[in-house]
Amino acid sequence: MLSNLKTVQITLSWLLAISFVIGILILPQYVFAEDLDDEDPPQDLVLKGDGKCTVCHDENSDNPILAIGKTKHETIADHRTPTCTSCHGEGSSHEDSPDRALMPERTFGKKSLNPVEERNGACLACHQGGKRMHWAGSLHANRDIACTACHQIHTEQDKVRNRITQAEVCFDCHKELRTLINRPSRHPIREGKVICSDCHNPHGSAGPSNMVRDSVNETCYSCHMEKRGPFVYNHPPVQENCAICHNPHGTTAPNLLRSRSPFLCQECHEPNTHQGSSGTLTGAYARNTLARGCANCHTQVHGSNNPQNIRNESMFQR
Ligand code: HEC
Ligand code: HEC
Ligand code: HEC
Ligand code: HEC
Ligand code: HEC
Ligand code: HEC
Ligand code: HEC
Ligand code: HEC
Ligand code: HEC
Ligand code: HEC
C-alpha cells in the first residue's frame with residue numbers, strides 16, 4: 001500500500017516535473033504564436049506582395065499610387081508581373097525606419113538621386129529586347145533620358161501611349177515640333193490619326209532619326225504605298241529620301257513641301273532653260289513657269305510609267 005502510494009507520489013511528481021518542463025517549452029511558443037496572430041501580414045491591395053508597402057502607401061497617402069492596379073503591370077496571369085520592390089528595390093531600411101525619413105532604394109520622381117542608368121536598368125530588367133532592341137546607343141539613351149521621362153507608372157492612362165496625348169509628352173522637350181505640327185500643311189497629328197510613334201520608335205531603331213523602318217522612305221511607304229513604285233522613270237531624289245522635298249512635321253507651303261515648287265525644284269534644276277525664263281502666254285515659252293508651279297506640267301514628280309506619250313513620260317508629265 002505504502003509502496004503503492006509512493007509509486008503514485010513519484011509518478012505525480014514526475015508528471016509535475018515533466019509538465020513543468022513541457023510548460024516552459026510550450027508556453028512561450030504559444031505566447032509567440034499569439035503575438036504573430038496579432039500582426040497578420042498586411043494585406044495586398046493591388047499587386048502581389050505589396051502589403052508591406054501599401055500598409056502605409058494606401059489610398060489615403062499624399063501620393064496616390066494604387067492606380068497601378070489598373071494597368072498592365074497588374075496582369076496576374078503574367079509571371080513576370082512586378083511588385084513594388086521590383087522597381088523601387090527591396091528598401092527594408094525604408095519600411096523599418098522609425099522616423100520613416102529614409103527613401104527606398106530607388107525613386108523615379110524629379111528629386112530622384114538614383115542615376116538615370118540605374119533607374120532605366122530596373123525597367124530593362126523586364127523590358128529588354130523587342131521594341132527596345134536598339135535602346136542602347138540610341139540618341140535618347142545617350143542623352144540620359146529616363147524611361148519615366150515618357151512613361152507614367154502609377155496612372156491608369158500612360159499619356160505617351162495614348163494617340164491623342166502622346167505628342168504633348170514629346171513637346172516637353174521638343175518644343176519646336178509644337179509649332180511645326182500647327183502649320184497650314186501638316187500630317188493629322190493633332191487629331192491623333194498619324195502620331196509621332198507611327199514614324200519614330202522613341203526607343204531607338206536601326207534607321208535614321210529613330211525611324212520605325214530601316215529608312216525614311218520605307219517608313220513613308222507604310223502608309224503611302226503608291227509612292228513606292230516601281231516606276232519606269234524614276235526621279236532620283238524621290239528614291240533617295242522623301243524628306244529632301246517634304247518636312248513631314250508641317251510646312252507653310254502646301255503638300256508638306258519644304259518650299260514652293262519653282263524654288264524647290266530650282267535647288268537642283270538650273271533655272272537656265274524653260275524652267276527659269278520669263279513667261280509669255282503663247283509661243284515657245286508658253287510652258288514657262290515663273291508664276292506657275294512646275295508640278296502643273298510635271299504632275300508625276302514622284303515617278304511615271306505611263307506607256308502613252310513616250311516623249312514626255314520621262315519628264316514626269318503623266
Ligand atoms: C512605415 C510606413 C511605410 C512603409 C511600410 C513604406 N513606406 Fe514608403 N514612405 C513612407 C513615408 C512616410 C515616405 C515619405 C513621405 C512620402 O513621400 O510619402 C515614404 C516615401 C516613399 C517613396 C518616395 C516618395 C517620393 O516622394 O519620392 C517611395 C517610392 C516609397 N516610399 C516606396 C515604398 C515602397 C516600395 C515600400 C515597400 C517596400 C514602402 N515605401 C514602405 C512610409 C512607408
Ligand atoms: C513598374 C515599376 C513600378 C512599380 C511596380 C511600382 N512603382 Fe512606384 N513609382 C514608379 C515610378 C516610375 C514612379 C515615379 C512617378 C511616376 O512615374 O508615376 C513611382 C513613384 C512612387 C511613389 C512616389 C509618388 C510620386 O508621385 O512621386 C511612391 C510612394 C511609390 N511609387 C510607391 C509604390 C508602391 C507602394 C508600389 C507597389 C504597390 C509601387 N510604387 C510600384 C515605378 C513603380
Ligand atoms: C518585374 C518585371 C517588370 C518591371 C521591373 C517593369 N515592368 Fe513594365 N511590364 C511588365 C509586364 C509583365 C507587363 C505586362 C505585359 C506586357 O505588356 O508585356 C508590363 C507592361 C508595361 C507597359 C505597358 C505595356 C502595354 O502594352 O500596356 C509599359 C509602358 C511598361 N511596362 C513600362 C515599364 C517601365 C517604364 C518600367 C520601369 C519603371 C517597367 N515597366 C518595369 C513587367 C515589368
Ligand atoms: C521618348 C519617350 C519614351 C522613352 C524615353 C521610353 N519610351 Fe517606352 N514607349 C514610348 C511610346 C511612344 C510608346 C508607344 C509606342 C510604341 O509602342 O512604340 C512606348 C511603349 C513602350 C512599351 C509598350 C510597348 C512594348 O514595346 O511592349 C514598353 C514596355 C515600354 N515603352 C518600355 C520602355 C522602357 C523600359 C523604357 C526605358 C528603357 C522606355 N520605354 C523609354 C515612349 C518612350
Ligand atoms: C525628356 C526629354 C525628351 C522627351 C520627353 C522626348 N525627347 Fe526626343 N530627344 C531628346 C533629346 C535630348 C534628343 C537629342 C537631340 C537633341 O539634342 O535635340 C532627342 C532626340 C530625338 C529624335 C532624333 C533622333 C535621331 O537619331 O536623330 C527623335 C526622332 C525624337 N527625339 C523623338 C521623340 C519623340 C517621338 C518623343 C515623344 C514620344 C520624344 N522624342 C520625347 C529629349 C526628349
Ligand atoms: C509622318 C512621319 C513623321 C511623324 C508623324 C513625325 N515625324 Fe519626326 N521626323 C520624321 C522624319 C522623316 C524625320 C527626319 C527629317 C529629316 O531627315 O530631315 C524626323 C525628324 C524628327 C526629329 C529630329 C530633329 C529634326 O527636326 O529633324 C525629331 C526630334 C522629331 N522628328 C520628333 C517628332 C515628334 C515629337 C513627332 C510627333 C509630334 C514627330 N516627330 C512626328 C518623320 C515623322
Ligand atoms: C501612319 C501613316 C502615315 C505615314 C507613316 C506617313 N503618312 Fe503622310 N499622310 C498620312 C495621312 C493620313 C495623310 C493625310 C491624308 C489626307 O488628309 O487625306 C498624309 C498626308 C501626307 C501628305 C500631304 C499633305 C497635305 O498637305 O495634303 C504628304 C506630302 C505626306 N503625307 C508625306 C509623307 C511622308 C514624306 C512620309 C514619310 C516621312 C509620310 N507621309 C508618312 C499618313 C501617313
Ligand atoms: C523632288 C521633290 C519630292 C520628293 C523627293 C518627294 N516628293 Fe512628294 N510631292 C512633291 C511635290 C512637288 C508634291 C505636290 C504634287 C502636286 O502638286 O501634284 C508632292 C506631293 C506629295 C503627296 C500629296 C499628294 C499626292 O500625290 O498624294 C504625298 C503623299 C507625297 N508627296 C509623298 C511623298 C513620298 C512618300 C515621298 C518619298 C517616297 C515623296 N513624296 C518624295 C515633291 C516631292
Ligand atoms: C534634290 C535635287 C532635285 C530636286 C529638288 C528636284 N529634282 Fe528633278 N531631278 C533631279 C535629278 C538628279 C534628276 C535626274 C537628272 C538626269 O537624269 O539627268 C532629275 C530629273 C528631273 C526631270 C527629268 C529630266 C530629264 O532630263 O529626264 C524632271 C522633269 C524633273 N527632275 C523635274 C523636277 C521638278 C518639277 C522638281 C520640283 C518639284 C524637281 N525636279 C526637284 C534632282 C532634283
Ligand atoms: C507649262 C508646262 C511646264 C512647266 C510649268 C514646267 N515644265 Fe519642265 N518641261 C515641260 C516639257 C513639255 C518638257 C519636255 C522638254 C521639251 O519638250 O523641251 C520639260 C522638260 C523639263 C526638264 C528636262 C530638261 C529640259 O530642260 O528640257 C526639266 C529638268 C524640267 N522640265 C524641269 C522643270 C522645272 C524645275 C519647272 C519649274 C521651275 C518646270 N519644268 C516647269 C513642261 C513644263
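Visitor: What pLDDT does the chain average?

Guide: This is a predicted model, where local features need pLDDT of at least 70, side-chain atom pairs count only at pLDDT 80 or more, and totals for chains, interfaces and linings use all residues. Residues are numbered from 1 along each chain as its sequence is written, while chains are lettered from A and ligands numbered from 1 in the order in which they are written. pLDDT is the predictor's confidence in each residue, from 0 to 100. A score of at least 70 is reached by 75% of the residues, and the chain average is 82.

Visitor: Which helix gives the most to the shell around ligand 5?

Guide: Helices are DSSP runs (H or I, at least four residues), numbered from the N terminus. H6 (139–142), H7 (147–150) and H8 (166–171) each supply at least two residues of this shell. The top contributor, with 3 residues, is H8.

Visitor: Which residues does Cys87 contact, leaving aside neighbours within four places in sequence?

Guide: Cys87 belongs to the largest nonpolar core, which has 8 residues. Such a core joins buried Ala, Val, Leu, Ile, Met, Phe, Trp, Tyr and Cys residues through C-beta atoms within 7 Å; buried means 20 or more other C-beta atoms within 10 Å of the residue's own, placed from the backbone. The contacts of Cys87 are Pro82, Arg106 and Ala122.

Conventions. Buried ≥ 20, exposed ≤ 12 C-beta atoms within 10 Å, placed from the backbone. Contact = placed C-beta atoms within 7 Å.
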